[in-house]
Amino acid sequence: MRATGQVLGTETRGRTDWGAWLRIAGLVILASGITAVVASRSLDASRLHGRLSVPPLYDDVSYFGDAVRWVNAFGSRGVAGSISDLLHHHAPFSTLVAATGFWLFPETYVGPYLVHAAIVFGFLIGIVWLVRRRPVLEIASCLVAAACVPVLWHTVTEARPDLPSGLAVGLAAGAIVYRGVLRRSTWSLAGLGVACALAASIKPTSFPAALALLGSAFAIRLVVDCIQAGGLRPSLRTALSVLVWFVLPLIATAAVLIGPAMVETVTYILLVFVSQRDLWTTGEGFWVGLLRFSIGGEGRFGLHYWFAIGTGLMLLRLVLASICGSAALRDALVLLVSVLIAYAIPSVAAIKTYYFGAMFYGLFVVAMVLNGCASAALIEELLARLGLSNEIRRYLLTAGRVLALAFVLQLFLRHVVVGQISTATPLSAQQQESIRLATERLWSLLREIKPQTPGPLYVGFSSPYPVTSATIQLYAARAKMNLVIRDELFYRSAQETGDALLRSEILVLSSSIQHTLVGPRVGDELIARMDAEKGLCLLDSMSFPDVSVRVYRRGC
């Protein structure tokens, strides 16, 4: 009998292990397929009316330039020197992603965007891990629903660290709060600390904000766990041990990744948020600014109708948890408070852009998934309390899961597979033409110009439109041309801007346009001044329906 029991036990365990592997493989394949669709549709949209419809522009191109220069210097620096240099970059993650993209697709600029599909895939796999104990139909619904949220599309259409950082930090915060931390193993806590540091380090300049969110979420989760364990005082020693095992790996990892460029990072934060704060702020009222990332323009753009769905799921969980007991209610409140912290951090800041809300968007998507699965589990518990038979409960729950999956699948088909994918940087046909023609013409002109004295050719720009100065710098880096770009955008008056421009040999001026870019609208005044300036000659003049461009040379 014992031998027979051992054989049966081995066979049962083998079948269970095989079933678990099939389940994991199926979910990974599903996440891969969803990622492929999202990436393909996002890149198609970008080619039509996004960044891929024009030469590289705005912030993305600065990371491309960093990647090209880093790769060009790799041979002379070696592996150790290149790693050290990479850690001193503004965003090492984005530099590495761009370099990988150029290595895979050396002749185009598609690569750095396509590589971001790996971030979307990683985010979906992270969701699978968070809700791994739920039925397959529920997990599949979560993956499909997440892929319908616009912020995941924009992660592919933008080659900058903001949105990947938001998704990673949101996933890390979800990993903290989705279950108790008091009884986790030391290795689990250390791994969580390392993961949080890695997520926060994707965008070093937002590290303080990410640390505030992750630290608050961990502290709230730990305090609630102590209360559930019998009180703060009896759990104090265990809580301190948990805190140490989480915090020390986080600090050590962050020190390695962010420490080398700490001075530059802090300097940049002070420059943008203090010295140049008036150039970036919109001047809107407190309440308008507070609502921007929820029901305002940024919230509608990044989350669309999923903000209403996610809020509804949060309320549903709170109602069900209040019926099921205090422990379930505490778990729901921990997640709710963490989401509110993620919302408050960008909302109360004086400077607001769509990208600053990435942390909130990422955690909101994770919270939507956790709340949906938790609500399903609470409904299952309530049905058991009603005394229904196992068979009836199973039919009801299966029917509910099938309906939920069918609902999100039709949304995915309508809005992702067939519908129009949005991009974070939409460009009109006129803007596309202006940017393409102006960039190509200016680059052709600069390639033929020789500096008056030995050394680099200095080129000053008064505006990032229609030619982004970093685009010319990128072209020069790839052509190994000795060119130095000066962005004279951060002055408060036309006089200061003009004086700064005259320090360059080549001056590129754009007319005054209505824009949301940094800097005052003083282009027309600058052009009038340079036309009358002695010692300057006009090299080229370009006119487009939305902007005019003048190129001058000093000392000709």
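User: Where is Ser511 found, in terms of the strand and helix around it?

Analyst: Keep in mind that this is a predicted model. Ser511 sits in the loop that runs between strand S3 (506–510) and helix H24 (523–532).

User: Is Ser511 buried or exposed?

Analyst: Buried means under 20% relative accessible area. Ser511 has 13% relative accessibility, so Ser511 counts as buried.

User: Which residues is Ser511 in contact with, leaving aside its neighbours within four places in sequence?

Analyst: Those are Gly523, Asp524, Ile527, Val547 and Ser548.

User: What does His116 touch, not counting residues up to four places away in sequence?

Analyst: His116 touches Val97, Thr155, Val156, Glu158, Ala159, Arg160 and Pro164. Take Pro164: 48 residues separate His116 and Pro164 in sequence, yet their C-alpha atoms are 7.9 Å apart in space.

User: Now helix pairs. At roughly what angle do the axes of H2 and H3 cross?

Analyst: Angles of 65 to 115 degrees count as roughly perpendicular and those over 145 as roughly antiparallel. The axes of H2 (residues 58–72) and H3 (residues 74–86) cross at roughly 135° and come within 8 Å. H2 and H3 are therefore oblique to each other.

User: Which residues meet there?

Analyst: Trp70, Val71 and Asn72 from H2 meet Phe74, Ser82, Asp85 and Leu86 from H3. By class, that contact has four nonpolar, two polar and one charged residues.

Note on methods. Residues are numbered from 1 along each chain as its sequence is written. This is a predicted model: local features need pLDDT of at least 70, side-chain atom pairs count only at pLDDT 80 or more; totals for chains, interfaces and linings use all residues. Side-chain values use heavy atoms; hydrogens and water are left out. Contact means heavy atoms within 4.5 Å. Helices (H or I, at least four residues) and strands (E, at least two) are DSSP runs, numbered from the N terminus. Buried means under 20% relative accessible area, exposed over 50%, partly exposed in between (1.4 Å probe, protein chains only). Axes are lines fitted to C-alpha atoms, for helices over the stretch in contact, and angles run from 0 to 180 degrees between N-to-C directions. Angles under 35 degrees count as roughly parallel, over 145 as roughly antiparallel, 65 to 115 as roughly perpendicular and the rest as oblique. Ala, Val, Leu, Ile, Met, Phe, Trp, Tyr, Cys and Pro count as nonpolar, Asp, Glu, Lys and Arg as charged, and the others, Gly among them, as polar.
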